[in-house]
Structure formats: structure tokens, C-alpha cells
Amino acid sequence: MNTPVSSAHISRCEEILHLLGNATSEENREGDCTIVQKARKDLEKIRQHGDPPEITVAVYGDTGSGKSSLLNALLDQPSLLPTAGMGRACTSVVIKIEENKTSSNFEADIAFLTAEDWKTELNVLKRDQEQSDSENDEDTGVCDAAHAKVAAVYGDFESKDLGIHLERNRDILEQLGTVMKMRASNARDLQDKISTFTETHPVDKRHFWPIVKKVVLKVPGSGLCWSGVNLVDLPGVGDSNPARENVARKYMQTCDVLLVVTKIQRAVDSKTVKHTLGDKLFRQLLMDHTKTVVACTQADDVKPSEVIRTLKLPQAAEWTAKGQRYKKEEQVLQQKLADLKRDKQVGCSSETGENSLIQQQQRLHAAKDQLKREKTSTCAVKRNEFVRNNILPKKSSSSSPHDQDYPHDLKVFCVSSSDYINLSNLLTCDDDDDDKPPVFLSTEDTEIPGLRTYLRELVWKKQKKHRMSLQNDFQAIIDGILMYLINSKRGRKALKEELKRHLDTLRDEGQLILNELDSHLQSSWFAVLDATLDEATQEAIRRAKPTVELWARPVNKRQRGHGGLHSNTYKATVRRFGIFRATGIGYIINMNQELAGPFVKILSKEWTPRFSEQAWIETVKSKIKEPASIAVTRFTEAIMKSLGDSDATLLKDLTQLKTDTLGKLTRLDSLWEKTIDRQQRKVTHTITDFVQEQMQSAYETCMKQEGPGAFNRIKDIMASTTDQLKSNMFQQLKEKITMSLGQLKNGFMSGAKEILEDIVEDTEKQIMPLWLTQDEAICLETLEKSEGLSQTLNEDFAKYKNGLHEPDCHQSSSSLKRQAGDIPTFPVPGSKLVKLSEEPDKSGPE
């Protein structure tokens, strides 16, 4: 992959700067070397940021929604991730998939929990199992799930012996806090090796996914990952282990794209995405401005009769007519064959006539099969179009950005992973039994290529912006050197005071622009958010008590969200500091998120539109770029006026200086992403964390409750503690966010100021030689040599830029030669283990 600025161009630029630095006269070294020092500093920035950026796609969906199958299809590796072929939940840990940049092997880095993390969870699981006296199925499910989790690691055990398992099983203890590295020559072999660390299996043998924090898979020759797309398979937030839960939640917070996976049979409901994510998580994503994509899976599962009836397809009449005609022809052929059979019995038939009728019957069957496939495929494609057009609620034209409750640019793909793998001939001879006739007629109809192309386009847009930014910065260095060299040969000492006065005016105008920007942000943005924070705080305080009371109500089995929690579920939730994935309920209980919900709901009304990329781009354009462009134009015109028209070449150079300076203002375009986007996400994600911290005392007190009446005491503790904490908790939360907003604004202002000051500094260095006399300038020979080298570099770099074309986003995965490699199974002495403290994990958030 070509870099925005090649190392060769950087080296040649450094040679020019070295030449200039060594040739500067002693008396003028301090002034002239500033441009050399500045250029070297800018070159180092380009060198450090030369790698193309990547995007992280977090894949989220219900169990059994087809996430793993979808990822396998996107990667053209049908056997990389396990699929739920046996009706069980498969992926149980966070799995990140990235390109293997160092080898043609399939590799896996398996990071284990620390011993402290696992001990903490064992204590929680032990308490879960002790609550086994309930006759309620859901309460019993909590106990059974806890027992199964421990049994997966240690095998069958007695609950009373749980406390000594950790010390007795030294092989497991040695793995905790390490990273195990595995490799294989193909995807299937790697899946077999890591299955015990990633999958939920029946407890007939030991499996170790409960002690795994996350897994990083490195895949060679993947067209999608090679382009810069990293995929993260999330088993779902709300994991019972805090460390593993934190990994999943961090990916949700920092991902560039959220890919929501849901079965197409549910996708006709306009609330599909909200249902899959949950209203509160969905609102969080709106505030984060996370780009959301929906993949409706199993698009090959279609009933043509239902589609025809529902969509009233115009092709139905033609299909019916053909079907009836084929049916009549079938009846005629069957009658002729029956007549031949009767004639044959009396010796009056011929073999030729019978063979002809059989061939006609075979052709008719083929035509019927073709009609059936055409009908099924067309119905599947039309059903996909219907789902795409109806998955979002209809928006009225009068809706304002402040009324937004759904992403306006949501992309929907209706995919069939199995048909794509089948039509792409990706199944090996070992998979022949899995082969089934595809519903779709082409791989494009499965929409896997379309989804893959869309993800590639997203990363390419990010890389294109990055590339253009670095190229503009490098071009500015070249132009600055050339301007400096040309002006050094002129020498106009008499202009010094006048030119410095123009520079001071440019600086003053830059400061005025910054002052007006600060005033605009404070009055039109942050003042509004302050008022919204007041409203959100009062609403959160008002709703806290009813929220806690709701958890204590009798269970509403018909509408689980409108009733309370069973005793064991409630206890399991407080043991996990308010977060529990209850398998019996089918969704995640997050008490912290529910307490914060009213606060977030009101805050999002103003937060979501004000922190969109488009809003900040418009602000930068109107409040910085346009007034700065006017200031730069006035500055160059003032210099031209001071110089007069005595030097036509110089005037031409000053015109180029204006163009280059205006071009440097494009650095402001990435200011939102660098100073706002990630920071504002951190602010919103601290809301639930802050509530959890404040509620920790209540959870810890509840954990100590045992014996008869413990459940009632727990409910009372939660109610009374929340009532005591609510006012102070949400007031502090408001103050915390207000402080963060101030830091966020200051960061943005600091970034804008740095860019404007940098532009003024660059301009000063370029025109500085105009006030130097000939005898103070560096020798003419060095000037001319440096100028020639710079001109050549400028021309060569222009050709290099023009040669960098956009990649083909439709290309298939490249095929690299696989190399075999053995890896020990776990737990086996001699496995390649790396202590986390010795090799920090750089593959994702912790």
C-alpha cells in the first residue's frame, strides 16, 4: 500500500535542509535556521503519522443472529469463526480480527484474565450458586448458569470446594495474566485449536472461555482487513466478568462503525435496531454519532407465497401461467407414458418413443425447477428491497435535527452468508455435506459484496482525508523552502519594518477570529448545553425513586420491562455492581444505565445535533476558515502594495504564497475528529460509569445480606440509598460534564489557535529573506543548488501524488501462500506465554 509521502521524498527533503543548515553564515544562523528547524519538525510529524488509518467495526447482535457466519463470509473464510450449527451459543468472548502483516499463517493471541479478576468472579459465581432454593425457573437459571461457567473450567465439582479450585489447578493459575499465541496454516485448524477458549460448549469436557479476556485473530490475505478494516465480534455487553465486559464496552465506545446483526424475519419491524440494542444503548450511539449499519441475515430464508401475497408482485401472474402450463404438460406426458406402458404389455410399444417421452419429462422438470428458483430468488430480492425501505420509521419533512431519534444515514444490507459462500465456491471437499442449493442467482444478490464494499469505502474515505492532509503538509514544506530560497536571493532590508507590521496585523486578526469563535461557542453551543444539563439533572433526580421501585415490583412475565426482577436475578445484578446479562429474561439488566436514562434522554436532545461532524464543519468554515481567508488575502495584498510593481517575479511568488497559505487552512478540516469526536464520546460514556461509582456503596451493602429476608432487605437498601444519593449524585454528574465540556472546548480552541499560529509562522519564515541584504544571505551557489533540488523534488512529488489512485473497493480477498505451524494445546507445559506486564496488548481497548 503506497504511503501518502514516501520515505524517499522525506529523505531528499532532509538532504536539502541539511545543505541549507550547514551553509548559513554564523551571523545570520539564528534567523535562517528557523525555517530549517521548523521544516525538520514538520517532517518528523509526517513520518510519525505516515501509516494509513484503519477503522474498527464492532459487530453486535442477539445470540443466533448469524454474526459469525456473516464475518466468515465477509472474510471469505467459511471456517474461521464457529457457527451455531448445533443450536448452541458459540462465540463467548470478544474476538478482534485483523490483517496478519508479518506472516502468511493464521494466528491467534489469547489474553487471559488476571488471577485477581478471576478470583473476584469466582466469589460472585459462588454466591449465585448458593441461591438454589427457589422454584422459579429464572432464579434457578441464574444458579445453573453460574455452575456451568465454573464447571467449564474446572469440570464437575462440589460447591463447597469452589474456594480451593484456583490453588489446586496450577495449570490454570499459570495461564492467568498471560497471552497465549497460536498459529495454523489454515482457518479451520486455527478454529479447532482456539475453540476451547472462545466457545460455549456443553459441559462434557473442559473449556476455558470463562478465563479469557479477549482474542485477537490475525488473518493473512484478507481483502477486507488488508484495506484497513478491523472487525470485532462482540458477544454482547453485560458480561458477568467486569474485565471482559470492559473490553466489549470500550469497543462500543471507540468503534468507527457499529454493525448491528439481526435476522431478516424480524427486520420488517421499524424498531428492529432499537430492539436489538436496547433503547438506552441506542440513544448512547446517537449521542456518540457512531456510524451504524444494519445487516439483516438469512435473506435466503424466504416463503415466495407470503412475499407474493404481501407485495403483490407483478410477475406473479406470469409465474402462475407458466406453472399451470407446466402442470398440464406434466399430466399429458404422464398419460402418454401410461399408454406406452400399457401398449408395452401387449407388445405394441417402441423403446424410441418411451425414451423421447422420458427426455421430454426431464426437460419439463428442469424448467419447473428453473421457474421455482427464479420465483424464489426474485421474491427474496424484492423482500430485501421492502425490508430496506421499511426498517426505518418514516420521517416527516418538518422534523428538525433536534427531533432526531434515528441515524439519518443508516445503511441496511439484507445478506445471505450461506448463499454467498456457496456461490463463491468457498466450501472445501470436507464441507460438501453442508452444500445446499442457493436461493440467489449471483453473489451480488446476497449483498455480502455490497456490505464489504461499503466498509472498504468508509476506510478509504478516512485514508483519503489522511493522505491529502499529509501531502498538503509536505507540499507546504517544499513551497516554504522554495519561497525562502527565492527571497533569499533578493534581499530587501528596507522593507523589514513594513513587512513585520503586516505580520503583526495578521497575528492580531487571527486572535480576533479566535475570540469571536470562543464567544460563538459559548453563547450558541455551551450555554444551551448548560441549560439542558440543568433540566436533565432535575429529571434524573425525579425519576430515580420510581426506577428503583420498578425493580422491586412483582414480575410482569408478559412485559418484562414493566415489572420487577426475580430474587436471584436481582441479587445477581447487585453482586455485579448493577449489570447482569440474564439468560432467562433475554436482555441485559443495567441498573446504572436505567438510573442515568432520564438524564441521558434529555441531554441527547441538544447533544446529538450539536456534536455532529456536519455541525462542526460548518462552524469551522464560517467562524475560522472564511474570516482567516479574508485576513490572508488582505495580508498578501498589503505586501504587494508595499513592494510596488518593480519585481514582477516577486509579485507572482507572493500570489503563490497566498494560494499556499489558504491551502494550509485545510488543516482545520480534521480539527473536529482530533479534538471533538473522541472526547465527546468519552464524556457521554462516563455518565453510566459515574452512576455506578456513586451506587457502589449500595451494591456492596446488598452483597453482605444473607439468610431469611435478605431479598427484602436488599430492596430496602437500594431504595433508601438511592433516595439519599440521587440529588448529590446527579448534581455532581452535571458538574463533571460541565467541566469536561470546558476542557473539550479548550482543546478545540487550542487546536485552532495552533493551526493559525503555525500558518503565520510559516508565512514569516518564507518572507523573512525579503528584509535581508545580499551580503547577509547564504552563498549564491548553495542557494541555486538547493533551489534546483527543491524544484526537482516538487516536480517528482507532484507525479507521485498523481500516481496514487483510489483502491478498487470491489476486489476479492488476495490469496497468500499458507505456511504450516504447530502449536501446543492448552494446558500444556511449554506453550508460548507472554506475561501481560512484559508485552502490553496493543490490539484493542482494555
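Reply: A disulfide is a pair of cysteine sulfur atoms within 2.5 Å. Keep in mind that this is a predicted model.

Me: How many disulfides does that rule give here?

Reply: The count comes to zero disulfides.

Me: Is Cys296 buried or exposed?

Reply: Cys296 is buried, because its relative accessible area is 0%. Cys143 also counts as buried, with a relative accessibility of 6%. The cut-off for buried is under 20%.

Me: Now the backbone. What is the general idea with phi?

Reply: Most residues other than glycine have a negative phi.

Me: Which value does phi take in Gln298, and where does Gln298 lie?

Reply: Phi of Gln298 is near 60°, a positive value in a residue that is not glycine. Gln298 lies in the loop between strand S8 (291–297) and helix H13 (304–311). With a relative accessible area of 30%, Gln298 is partly exposed.

Me: What is phi in Asn425?

Reply: Asn425 is not a glycine either, and its phi is positive, at about 55°. Asn425 is found in the loop between helix H16 (417–423) and helix H17 (448–488). Its relative accessibility is 66%, so Asn425 counts as exposed.

Me: Next, helices. How is a packed pair described?

Reply: Two packed helices are described by the angle between their axes and the distance between the axes.

Me: At what angle do H23 and H24 cross?

Reply: Helix H23 (residues 671–703) and helix H24 (residues 710–767) cross at roughly 160°, and their axes come within 8 Å. That makes H23 roughly antiparallel to H24, because angles over 145 degrees count as roughly antiparallel.

Me: Is that crossing left-handed or right-handed, and what kinds of residues make the contact?

Reply: The crossing of H23 and H24 is right-handed. The residues of the contact divide into 22 nonpolar, 13 polar and one charged.

Me: Last, a single residue. Where is Leu337, and which residues is Leu337 in contact with?

Reply: Leu337 lies in helix H14 (residues 316–345). Leaving aside neighbours within four places in sequence, Leu337 is in contact with Glu354, Leu357, Ile358 and Gln361.

Me: How far is Leu337 from Gly353?

Reply: Leu337 and Gly353 are 16 residues apart in sequence, and their C-alpha atoms are 9.3 Å apart in space.

Conventions. Residues numbered from 1 in each chain as written. Predicted model: local features only at pLDDT ≥ 70, side-chain atom pairs only at ≥ 80, totals over all residues. Heavy atoms only, no water. Axes fitted to C-alpha atoms, helices over the stretch in contact; angles between N-to-C directions. Helix = DSSP H or I, 4+ residues; strand = E, 2+ residues; numbered from the N terminus. Parallel < 35°, antiparallel > 145°, perpendicular 65-115°, else oblique. Left-handed = near helix turned anticlockwise from the far one by under 90°. Nonpolar A, V, L, I, M, F, W, Y, C, P; charged D, E, K, R; others polar. Buried < 20%, exposed > 50% of the residue type's maximum accessible area, 1.4 Å probe, protein only. Contact = heavy atoms within 4.5 Å.
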